[in-house]
Amino acid sequence: MIPVRADGVLRQFAEAGVLTAADVHVALRLARLGGEQHETVLLAAALAVRGVRAGSVCVELATVADSVVPEEDAEPIELTWPQDWSPLHDSSVVAVGADAPWRPLRLVDGLLYLDRYWQQEQQVRRSLDERAARPAPTVNLASLPTLFAGPAPDLQRLATAVAAGRWISVITGGPGTGKTHTVARLLRLLLDQPGPPPRVALAAPTGKAAARLQESVLEQAAAVGLPLDLTAQTLHRLLGWRPDSRSRFRHDATNRLPFDIVVVDESSMVSLTMMARLLEALRPTARLVLMGDPDQLTPVDAGAVLSDLVHRPAPPAAADGVPAETSADGAGLDDEDRRQLRNGVVRLRVSQRYGANIAGLAEAVRTGDADRVLELLDAGEDLALDPSTTAVEEQIRAVADEMRSAAEAGDADRCLVLLGRHRLLCAHRHGPFGVSAWNDRIGRLTGAAAGEWAPGLPLIVTANDYENKLWNGDTGVVVRTPEGPRAAFPRGAGPAPVPLSRLSAVSPAHALTVHRSQGSQFEAVTALLPPATSTLLTRELLYTAVTRASRSVRVVGSEEAVRAAVGRQVVRASGLRRPQPGEWP
Ligand SMILES: Nc1ncnc2c1ncn2[C@@H]1O[C@H](COP(=O)(O)OP(=O)(O)OP(=O)(O)O)[C@@H](O)[C@H]1O
């Protein structure tokens, strides 16, 4: 049982595993500061804290009771939900409405916020609305057909035209659907416009994603004639670290970023706080282009802004704005595509990185069609559902044997090719279905002694390492060299192995969490599902795991677990998906 210094309903919710001691503690402190005693208000405050902990920006009071799933190992306790939440309206700690003066909590339209998140959400909303209201930038699209050689109509061409003609746009799509290909051509188009050349910033939420973005843009640079000195950086670096604050930056509303175009990749990992800081630091005349896959796992911190932007209702007055030059009328746009287009969102669909089977499976997961997912996993070929781990163990052992031979022979290039062959992805970090247990188990399977960093061991970097230019999430492998064991990592200009003693934060990487695998691609992926009751088992998790593979996917788990994953979507409450009260009729 969790030690909670509270009575009544708070204690009950804590004992049921719905609230943690920290949720209760923050709620009690808020209440004490504001002189609030009412149990309903205390419970609402604790649920708002819990919401943020679980990634939501706010809590929707009318539906919160339905969305609460007690922890698996909690005692089965019947929860006493308040019959009505009206005591919040008279509370000294709750500001009611968008315009009420500051109080620690804010209730707007049935959504309860910790005020800080309300302010950040308002910042994002204001920036989006200002950008949408300003006259669109004028742009000459005449060179579109030469930038895209393929036959029209074409969604990449449409995305380029939409992003060129708006102050903010979103290019979404799964791995390999050509988001970077499109952005490279967008930059070419904008650099060709009359006037001084625009200043371009490329950024991503993590060091690893920034390094990948830079690599992919430079791969395209020669083909489209982009400047070769384009560099990508993390959003933190772009905005400028400040030693005195984790969530404030050198660039803000009073010291704007000196760029005309800002491109952000892997935007699905950008939290509300970060998006608010970025938007306030942009010049009003800077274009923002967000790239990402809103169906992947959401950021660790609160908010899922990319997904909110994709699902936001479009202002009724906005035209869908399909520019004539794109010939996109016949591109098979449905009503949903046209609604998204009115918000500047274009979804690219055809992946160059995996074949029709994985594409079909990813689409069935994305759209929540569990029957189709099971049918595809049953059809054989390069997809499989396997209740046992025997086959995956065989597969891992085969790759590990080959890897060890190459590593013993000091063949780093071969090791790096093998590193991309297969990866086991887990939902959990700990426990019998978690990465730790599986890394140990695979270590034993492949004959390695516990704790031994033998040649052939795959590694993952667990914190940014500026000295070695390695990023949290980079993977490498231990190889034998005449100078002793080294870790080889894929690098643009060929592997440059690093002595193990110079690596400060690395772990074995036979198995990875799905979270950590975001942004990586492997030929074969095994997704190890936990039991159906695990709250980590979600549609986003399965989609992210499946789309890491380029050739084959094996799902290890029960049919029930697959159905649970496909049926359970991450719900992150946020006001951004709603029109502001009174904003539109
Ligand atoms: N229209 C196209 N014509 C030719 N090649 C293309 C086209 N679109 C994409 N590609 C190629 O497909 C591959 C994947 O494209 P790209 O890297 O742009 O995808 P992405 O959506 O940015 O992927 P990720 O999300 O994994 O970064 C690249 O090699 C790219 O050159």
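Let me start at the ligand. In this predicted model, 13 residues surround the ligand. The closest are Gly178, Lys179, Thr180, His181 and Gln352.

Which helix gives the most to that shell? Helix H8, residues 179-191, with three residues.

Now, confidence. The predictor gives the complex an ipTM of 0.98. The pTM is 0.87. The protein chain averages a pLDDT of 86. Of its residues, 91% score at least 70. Where in the chain is confidence lowest, and where is it highest? It is lowest in helix H4, residues 64-67, at a mean of 82. It is highest in strand E8, residues 261-264, at 97.

Next, the fold as a whole. The protein chain has 20 helices and 20 strands. Its radius of gyration is 25 Å, and the globule rule gives 25 Å for 585 residues, so the chain is as compact as a globular protein of that length. Along the principal axes, the C-alpha trace spans about 75 × 65 × 50 Å. How much of the chain is buried? Of the 585 residues, 47% count as buried. Then the contacts. Take those between residues at least 6 apart in sequence. Of these, 73% join residues at least 24 apart.

Where is its place? Thr231 is in the loop between helix H9, 207-224, and strand E7, 232-234. Is Thr231 buried, exposed or partly exposed? Count the C-beta atoms. Thr231 has 13 others within 10 Å. Buried takes 20 or more, and exposed takes 12 or fewer. So Thr231 is partly exposed. What does Thr231 touch, leaving aside neighbours within four places in sequence? Thr231 is in contact with Leu202 and Gln214. Compare that with Ala496. Thr231 and Ala496 are 265 residues apart in sequence. In space they are 21 Å apart, C-alpha to C-alpha.

Last, an annotation. An unreviewed UniProt entry carries "domain: UvrD-like helicase C-terminal" for residues 509-556. What does that span look like in the model? Residues 509-556 are 17% helix and 38% strand. The end C-alpha atoms of the span lie 18 Å apart.

Technical notes:
Residues numbered from 1 in each chain as written. Predicted model: local features only at pLDDT ≥ 70, side-chain atom pairs only at ≥ 80, totals over all residues. Near = placed C-beta within 6 Å. Helix = DSSP H or I, 4+ residues; strand = E, 2+ residues; numbered from the N terminus. pLDDT = per-residue confidence, 0-100. Rg over C-alpha atoms; globule rule 2.2 N^0.38 Å. Contact = placed C-beta atoms within 7 Å. UniProt positions renumbered as here; feature names shortened; annotations may be inferred.
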